[in-house]
There are 2 protein chains.
Amino acid sequence: MRGNWLLRRVFLCNSHAIMDATIVFYDIPSQHPGVTWSPNPAKTRYALDFKGLAYRTEYVEYPDIEGVVKALGGAPTEKKPDGRPHYTLPMIHDLTTGAVVTDSFNIAVYLDKTYPAKPLLPSGDFALVAALQAALQPVIISLVPFGIPASQRLLNAASSGYYRARLEGMFGTTMEALFPAPGSDRDRAEWAKVKDAWGAVDAWLVAANARYFGGAERNYADLYVAAYVFWVKTVLAEEKWRDFATWHGGRWAHLLSTVEREADGAPQ
Amino acid sequence: MRGNWLLRRVFLCNSHAIMDATIVFYDIPSQHPGVTWSPNPAKTRYALDFKGLAYRTEYVEYPDIEGVVKALGGAPTEKKPDGRPHYTLPMIHDLTTGAVVTDSFNIAVYLDKTYPAKPLLPSGDFALVAALQAALQPVIISLVPFGIPASQRLLNAASSGYYRARLEGMFGTTMEALFPAPGSDRDRAEWAKVKDAWGAVDAWLVAANARYFGGAERNYADLYVAAYVFWVKTVLAEEKWRDFATWHGGRWAHLLSTVEREADGAPQ
C-alpha cells in the first residue's frame, strides 16, 4: 500500500550511506531494509540533512537500543515506570569530536554549537523550541490511535513484540483496540481530533503571517513538525495521508516534500 | 497587604504619562488610581517599555471596553458564548500611523514591523511565540483559582460585577468557591499545581541552557512570561508571592524585577 513511498525512502536513505561520514546516526529499522519510519529519529535525520553534514545510518532494533547506547556511553532520555533509566533513539556519535549525544533536542543544540554553519535555529532561541515541543503534545496524542498500531505492524519481529509490550503498557490497551476500525464512527471522531490539533499549529503560523516557523525560511522548528508529517505519510493508511495532504492549504504536504527534497540534496 | 508594591506601581505608571506620547495604550484600572494589574495588557506595556516608545495610558472599565474599541475601529479578539464578537484590552492607538491594534500578540507583531529598532523578537519567528502561548496554557489554568478571585477583588465597582459575571459563567462557579481557603488542603494542592506548571517552563530554559527565552538577553517571549509573574506578584496574597519568588532559583522574581527596571528606564 505504501510501496512507492517506501521504495523512495530506501533510495533516499542509501544515498546517505556515504564512505566519508564523520557522524554515525542511530535510527530504528522497519521490515523494509533501509526504510525508516520513526518521527523522533526523523528530527535528527532532517537536522543532519539541513546542515549538509556527512553521516551514515546504523539501524538498531528496539531490544538492542539500551545496550548500544550504553556501550557508547550515551545518556538515558527517560525513566521507565519503575524508575530505572530508559534509553531511546535517535543518538549520534560524532567521530570527529568523540561526542555521543541522545535526544533529538539535545542533538540539535549540539549540532548548532559544534557546526555553526547553516544554523538550525539562527536565533539560538532553543527554549522556544522546547516550548513548541510542549505545545505539540495534542498533535502527538491525537495521532496515537492511528500511528502507534501502524508503526508496530511495520516493525521486524525483533522489535515488534518489544514495541507492542511497551506501548500497550503505556496506553493500557491492545494495539488492536487502540486502532479505530476504518470507516467507523470512532475512526471519523479520532481523525477529526487529528485535524483540530493540526489546525492549532496552522493557526500559530497564520497569526504570525509566516510560511514557516522560521518565517520565510525553514528552521529547526519546521523540521520538528515535518517529522510528524513524515510519520503520518509513512505509517498511516494511504487514504488518511491523501486527506491529510489537503489540510490547511496543503501546508503540511508542502513542508514534507520540501524537507525531503532537502534530504535528497536536490535544489530547493 | 500589597501596599508598597501597589504604590510603587502608581509611581511607575504615572512616569509614563508623558506629554509627547505618540501611542495611546488602553489598560484596565483597579481600585488604586494608576495601578495596573491585568496580565494581558502587561504584555503590551512591557513591549512598549522594552522598545522605548513614548506612550500614555488610558484606563477603561470592563463594561466600557466594547464601546471604546468599537469607536476607534478596533477588531474583536474572541467570541462570546453566543457567537457574538467579544472585545478585549490591551489595545493601542498609534497616533503617528493611525493604526488601532488589539490583542497583545498582534500588537507585538505590529510594533516590530512599524518600529524595527530594538526588536521584541530579533528572529521575527513570531509563530514560535504563538506556540509558546499554547504551551503556557497549563500555567494560566493553574493560576485561575488564585488569580481570578483576587483580580475581581481589586477592581472598581464599575468593573467588579461585570468581571464576576463573565468569569463565573466561564468557570461555572462563584468567585468564592473558586478561591481555595488559605491553609486548606485544597490550597496546598492547587498551589502545588502552580509550581508544577512553572517547573515545565523552567525545564524548557534549562534544556536550552538559556537564562532567557531570548538566550542571554530577553525577547518578547520573556516579557510574555513576565506578565504572568507580574500578575502573581500584584494580585495574589503576599505569602504566595514570597514562596513563588524562591522557585527555580529565583528565576521568575529575577525576570520580573529586570523587566520592571526596564519599565522604569533604570540602567540594566
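I started with a charge over a ring: the charged end of Lys240(B) sits over the ring of Trp191(B), 5.2 Å from its centre. My rule for that is NZ of Lys or CZ of Arg within 6 Å of the ring centre and within 35 degrees of the ring normal. I found another case at Phe50(B), where Lys118(B) lies over the face, 4.0 Å from the ring centre.

Some housekeeping before I go on. This is a predicted model, so I ask for pLDDT of at least 70 for local features and 80 or more for side-chain atom pairs, while totals for chains, interfaces and linings use all residues. Residues count from 1 along each chain as its sequence is written, chains are lettered from A and ligands numbered from 1 in the order written, and side-chain values use heavy atoms, with hydrogens and water left out.

**Aromatic pairs**

I paired rings of Phe, Tyr and Trp (its six-membered ring) with centres within 6.5 Å; planes under 30 degrees apart are stacked, over 60 edge-to-face, the rest tilted. That gives 30 aromatic pairs over all chains. I looked at Phe126(B) and Tyr220(B): their centres are 6.4 Å apart and their planes at 55°, so I call the pair tilted. Phe126(B) is in helix H5 (residues 126-135) and Tyr220(B) in helix H10 (residues 220-235) of chain B, so the pair ties together parts 94 residues apart in sequence. Helices here are DSSP runs of H or I with at least four residues, strands runs of E with at least two, numbered from the N terminus.

I checked burial too (buried is under 20% relative accessible area, exposed over 50%, partly exposed in between, with a 1.4 Å probe on protein chains only). Phe126(B) is buried at 6%, and Tyr220(B) is buried at 0%. Phe244(B) and Trp247(B) make another tilted pair, 4.9 Å centre to centre with 45° between planes; both residues are buried.

**Sheet in chain A**

I found an open sheet of four strands, ordered S2-S1-S5-S6, with mixed pairing (two strands pair if DSSP finds at least two bridges between them). S2 (55-59) and S6 (100-102) of chain A are at the edges with a single partner each, so one side of each lacks a neighbour in the sheet. I get an average twist of 20° from one strand to the next. S1 (residues 23-27) of chain A runs parallel to S2(A) over five bridges, and Asp27(A) has Tyr59(A) as its bridge partner. Helix H2 (residues 39-51) of chain A packs on the sheet, touching S1, S2 and S5 (91-94), at about 155° to S1(A). Contact is heavy atoms within 4.5 Å; axes are lines fitted to C-alpha atoms, for helices over the stretch in contact, and angles run from 0 to 180 degrees between N-to-C directions.

**Sheet in chain B**

In chain B I looked at S5 (residues 91-94), which is antiparallel to S6(B) with three bridges; His93(B) stands opposite Val100(B). Helix H3 (residues 65-72) of chain B lies across S1, S5 and S6, at about 30° to S5(B).
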